[in-house]
Amino acid sequence: MVDRLLNRHGAADGQADDPVATVWAHVQQARNLKRPHTLELLKYMADEFIELHGDRYFGDDPAIVAGLAKIGGVRTVVIGFQKGQDTEENIRRNFGLPHPEGYRKAMRMMELAERFAMPVLTFVDVQGAFPGAAAEERGIADGIARSVGMLTRLRTPVVVVITGEGGSGGALGLAVGDTVVALENSIYSVISPEGCAAILWRSGEQSHQAAYAMKVTANEQKDLGIIDIVIAEPGEGAHTDPAEMARRIKEVVLEQFEIHGRLTPDELVDARYAKFRPMGPFGLAEQPETPPERPGCAGWIRGILFRRPSLPQFPGTRRAAPANREEV
Amino acid sequence: MPVRLPFRPRRDAYPADLWTKCPGCAEMLFNKQLDKSLRVCPHCGHHFRIPARTRVAQLIDSGSFAERDGNLQPVDSLAFVDLKAYPDRLLAAQLSTGLRDAAIWGPGTMGGRPVALCVMDFFFIGGSMGPVVGEKITRAGEYALAERVPLIIVSASGGARMQEGTYSLMQLVKTMGIVERVKAARIPYISVMTDPTTGGVFASFAVAGDVNLAEPNALIRFAGDRVSAGTIGEELPVVPRAEFWLSHGFVDRVVPRAQLRDEIIAILSMLIPPSVGGQAESAAPPLARGRSILSAITGALGADNSGESRAVEAGQSRGENSNG
Ligand SMILES: [Zn+2]
């Protein structure tokens with residue numbers, strides 16, 4: 001699939017094997033509005049689905065849907081991001097960008113799942129939390145933090161399926177699970193490629209480069225150990241055969257429910273904690289402590305002495321930067 | 001005003017190593033004086049950003065901080081290159097700050113009470129949180145949990161570190177995981193948000209304190225200007241600073257720097273029951289099986305332990321602990 005897009009993209013600039021273009025084609029595929037979202041997938045996956053609404057504090061967020069489902073006979077709580085498939089629905093669903101109410105509804109549903117001994121299935125497809133004023137002032141940061149926190153201790157199995165965009169903290173609010181699954185053409189990143197480019201390249205036009213640098217594709221994320229299972233997409237991508245896509249997801253999800261369902265709640269929570277606890281590599285320098293003094297000449301010399309051999313030398317940066325004075 | 005000599009160029013009137021211009025009121029401030037006032041402008045109250053070690057020295061009992069895990073070193077696991085290669089950025093930050101990454105943590109005492117303190121440093125790549133920062137916060141929390149001492153985290157961060165990709169994002173999970181466990185164990189967690197506290201740091205441990213404190217005028221927000229560039233969404237009518245969050249219910253108290261240490265000590269003394277059983281009690285869970293609720297109310301957590309051996313002298317800047 002990506003190859004096909006790549007060829008099209010590559011033909012335009014005569015570089016069929018440009019890795020940056022390949023990744024960008026993948027990003028566009030993950031964002032394809034025709035891709036099946038939570039409700040479309042549930043149509044195929046669930047024997048029954050009863051959508052529930054509202055966060056009980058403020059409102060109902062149409063960008064996150066949730067409810068009770070029977071999937072392959074298993075009573076399940078399903079929570080997922082919901083983009084629209086056309087302009088009208090997209091406007092109604094705020095382009096799938098959630099407000100804090102969405103995460104508070106999600107937490108309400110997680111708590112329900114725990115009390116009634118139902119596993120949780122989440123579908124993740126979001127560029128990020130809504131960046132506007134309403135979301136900020138009602139505490140989008142608090143909503144995400146609490147949702148992530150609740151998932152780290154929820155005493156029932158949680159399976160996450162990233163179906164399109166796994167964008168930043170907004171995605172993470174529903175993406176902490178015992179198993180994290182991703183569809184082949186999905187992406188997962190700490191910030192949207194556009195946001196990354198705007199900050200690090202100071203130009204949104206470098207988003208292709210940013211996507212490449214962040215290793216956003218599902219398979220790259222699997223190699224990094226962030227994603228556990230990548231599900232191949234049928235035909236030309238999930239949107240070309242949603243029924244088959246749903247069937248493949250259902251098979252994996254039911255298998256994972258079964259595996260995690262064998263554990264006691266204590267074992268389950270411990271295992272989930274142990275899964276995320278080691279994520280993110282770091283090194284150990286030989287020097288036990290960081291140099292205590294404020295920078296200056298001594299700090300500069302110490303920096304040279306303490307430098308890790310793994311860090312290449314960049315002579316241009318050797319000069320001691322100005323001390324910790326505030327910007328004026 | 002220093003005398004301006006005719007043969008000296010004008011820009012030398014206020015050498016940058018001696019003077020700092022206040023962005024709040026444009027006064028020229030003598031650096032030594034500014035350090036004495038905890039780097040708060042004596043004219044307008046502007047709170048300057050301060051390095052992590054300075055913050056530690058301002059908060060902790062003098063000489064009681066013992067830095068842990070100072071040897072944790074960031075790695076370039078994605079071979080990340082933007083306008084600069086990531087190792088280049090790391091090296092520059094390490095040389096200019098004397099830190100290996102954007103946070104330091106260690107046990108220490110505040111008002112004689114043992115605590116686990118983790119402080120972020122905005123001068124190290126914008127205080128961004130990658131695996132090392134996340135690990136230090138998590139280890140501070142694990143120490144608080146094991147030793148049953150309060151957890152105090154001072155945030156100063158632009159958010160998750162993009163150069164370490166989703167590994168940085170996973171630090172939100174790690175840190176919230178330990179915060180949940182600290183809170184479940186009835187160990188106090190005080191979050192102090194300083195200028196700035198944004199992005200994934202605000203949206204994880206920083207917003208999740210039992211008590212959230214913030215320094216005056218500190219910028220605190222989830223979505224940054226440049227993050228939301230290109231996406232829809234109207235701007236907030238005001239820049240969301242500490243006082244905004246106080247009125248919106250996400251910050252408990254806005255505390256000037258000069259009172260921060262005393263306020264933290266006062267809050268801890270409220271949350272932690274007084275000791276009845278002496279020093280050994282500090283290691284016992286307050287609601288452990290077999291103990292009555294009354295004993296938990298009257299005894300336990302975090303008794304005073306003067307002369308604690310683990311609180312050894314560590315390298316911190318001298319003369320900055322002017323809270324006494
Ligand atoms: Zn001033």
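1. Let's start inside chain B: Trp105(B) and Tyr143(B) are both buried (under 20% relative accessible area; exposed is over 50% and partly exposed in between, with a 1.4 Å probe and protein chains only). Please keep in mind that this is a predicted model, where local features need pLDDT of at least 70, side-chain atom pairs count only at pLDDT 80 or more, and totals for chains, interfaces and linings use all residues. Residues are numbered from 1 along each chain as its sequence is written, chains are lettered from A and ligands numbered from 1 in the order in which they are written, and side-chain values use heavy atoms, leaving out hydrogens and water.

2. Over all chains, the structure holds 7 aromatic pairs. Rings of Phe, Tyr and Trp (its six-membered ring) pair if their centres lie within 6.5 Å; planes under 30 degrees apart are stacked, over 60 edge-to-face, and the rest tilted. One of these pairs is Trp201(A) with Phe80(B), tilted at 50 degrees between the planes and 6.3 Å centre to centre. This pair joins two chains, because Trp201(A) lies in helix 9 (residues 193-201) of chain A and Phe80(B) in the loop between strand 3 (72-74) and helix 3 (86-97) of chain B. Helices (H or I, at least four residues) and strands (E, at least two) are DSSP runs, numbered from the N terminus. Trp201(A) is buried at 9% relative accessible area, and Phe80(B) is buried at 0%.

3. Back to Trp105(B) and Tyr143(B): their ring centres are 5.6 Å apart with the planes at 55 degrees, so this pair is tilted. Trp105(B) belongs to strand 4 (residues 103-110) and Tyr143(B) to helix 4 (residues 131-147) of chain B, so the pair links distant parts of the chain, 38 residues apart.

4. Have a look, too, at the aromatic cluster formed by Phe202(B), Phe244(B), Trp245(B) and Phe250(B).

5. Now the metal. The zinc ion has as protein donors the SG atoms of Cys22(B), Cys25(B), Cys41(B) and Cys44(B), 2.2 to 2.3 Å away (donors are N, O and S atoms within 2.8 Å of the metal, or 3.2 Å for Na, K and Ca; water is not among the atoms, so sites may look incomplete). The donor residues follow the spacing C-x2-C-x15-C-x2-C. Cys22(B) is buried at 2% relative accessibility, whereas Cys25(B) is partly exposed at 30%.
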